[in-house]
Amino acid sequence: MLRNLTKLLSNTLSLNMAIISSPPILSSDTKQDGGRRRLLVDHGFPSWVPDSDRKLLQSNGRAAPKADIVVAQDGSGDYKTISEAVAASVQLRKGTERFVIYVKKGLYKENVEIKKSMKNLMFVGDGIDATVITSSKNIQDGTTTFRSATLGASGKGFIAKDMTFENTAGPQKHQAVALRSGSDFSVFYRCSFKGYQDTLYVHSQRQFYRDCDIYGTVDFIFGDAAAVLQNCNIFVRRPLSKQKNTVTAQGRTDPNENTGIVIHNSRVMAASDLRPVQGSFKSYLGRPWKKYSRTVFLKSNLDGLIDPAGWLPWKGDFALSTLYYGEYMSTGSGASTKGRVKWPGYHTITSPKEAGKFTVENFLAGNSWISAAGVPFDSGL
């Protein structure tokens, strides 16, 4: 039954690609701009972001926001744990309007699940490393990669701002997720994701990350979402002995899927624990988890820890001719493409038109990602 379903979905994707390859009919939230679809932007925000959400994102995050529920370990809020607040939101909210949970400064040791039915939840913290959700579930101790997430979000429209999501299992426990998002239209602004292997699981749907920090070692940004990470800091940590670091492991299984990991105007560098010994470990931009793996680095700064080859095989010649890996106008001592892999699926992108396919504007086909407080929304290159 699953094989039949997979085949049906693949055929549907193929038909859909044939349809959208025809001249587009522009929807009411786009304007024609030289024959291309252009996102409408108002004061740094896409047109689909409601005024109420803009005000929440524009708040400085240091003053208590207007919240429906307040979480505080010291008892000054409505609940002491985030999980209690999430459960209470089901009873307290009306409809699916934006519901804000303000999580005061503190270390919250719990695993939080935002179920698919919990739409338009927003977490607001007191800042990176001030409001911290932490856990240590991992595959070595008997959980699955999926269930190891400190926070898992499935409900549409989840937003998190000014928080840290952490998995402290350590490199010896292998797969251990800090955050897993399968939330369509999910947005993460000024957040930090800390782990080692499989830190950030961009599982599925459309996701946008702005001004975030991501820490890890092996495949630490992975999954099959349509995900854009913009103006983020990517910190490669010290792995286990004889391990190789790989920043990404994208999981596209069908060539017609509109998924991929795009890292735009960001920085890849050694974390403090790797920096003194980075010559002892090899680090790569990614490796192909699935047959049609797709990852693109646009105008990012790549530090010298990145191996000249750039990319690492998964096993043998698996996916090397079917993947799409691209680099465009990156800088830094690890950005030279002269020594890059010679795989059929690797592309040194020189054309702005080709690179433009992977911007928020075009790669996401005009779908909604929210820009961050006071920061212009970079819809193009």
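Before the details, a word on how to read the values: the model is predicted, so local features need pLDDT of at least 70 and side-chain atom pairs count only at pLDDT 80 or more, while totals for chains, interfaces and linings use all residues. Residues are numbered from 1 along each chain as its sequence is written, and side-chain values use heavy atoms, with hydrogens and water left out.

Let me begin with the whole protein. It has 5 helices and 28 strands, where helices (H or I, at least four residues) and strands (E, at least two) are DSSP runs numbered from the N terminus. Of the 381 residues, 55% are buried; here buried means under 20% relative accessible area, exposed means over 50%, and partly exposed lies in between, with a 1.4 Å probe and protein chains only. The accessible surface comes to about 16800 Å², and 51% of that belongs to carbon and sulfur atoms; such areas come from the Shrake-Rupley method with a 1.4 Å probe, and for residues only the protein chains shown count as cover. If we take the contacts (heavy atoms within 4.5 Å) between residues at least 6 apart in sequence, 68% of them join residues at least 24 apart.

Now to the charged side chains. Side chains of opposite charge can pair when their charged atoms come close. The structure holds 10 salt bridges, a salt bridge being a side-chain nitrogen of Lys or Arg within 4 Å of a carboxyl oxygen of Asp or Glu.

One of them joins Arg180 and Glu113, whose closest N and O atoms are 2.6 Å apart. This pair links distant parts of the chain, since Arg180 sits in strand E13 (residues 179-181) and Glu113 in strand E8 (residues 112-114), 67 residues apart. Arg180 is buried, at 2% relative accessibility, whereas Glu113 is partly exposed at 30%.

Another salt bridge brings together Asp141 and Lys173, at 3.0 Å from N to O. Here too distant parts of the chain are linked: Asp141 is in the loop between strands E10 and E11, and Lys173 in the loop between strands E12 and E13, 32 residues apart. Asp141 is exposed, with 54% relative accessibility, and Lys173 is partly exposed, with 24%.

Arg210 and Asp211 also form a salt bridge, at 3.4 Å from N to O, and both of these residues are buried.

A polar atom of the Arg93 side chain lies 2.6 Å from the backbone oxygen of Lys119. Leaving aside residues up to four places away in sequence, Arg93 touches Arg98, Phe99, Met118, Lys119, Asn120 and Leu121.

Finally, I turn to the backbone. Most residues other than glycine have a negative phi, and most peptide bonds are trans. Asp129, however, has a positive phi near 65°; Asp129 lies in the loop between strands E9 and E10 and is partly exposed, at 46% relative accessibility. Asn265 likewise has a positive phi, of about 50°, although it is not a glycine. Asn265 is found in the loop between strand E22 (260-264) and strand E23 (267-270), and at 32% relative accessibility Asn265 is partly exposed.

Terms used:
Polar contact = N/O pair within 3.5 Å; in protein donor to acceptor, adjacent residues only side chain to side chain.
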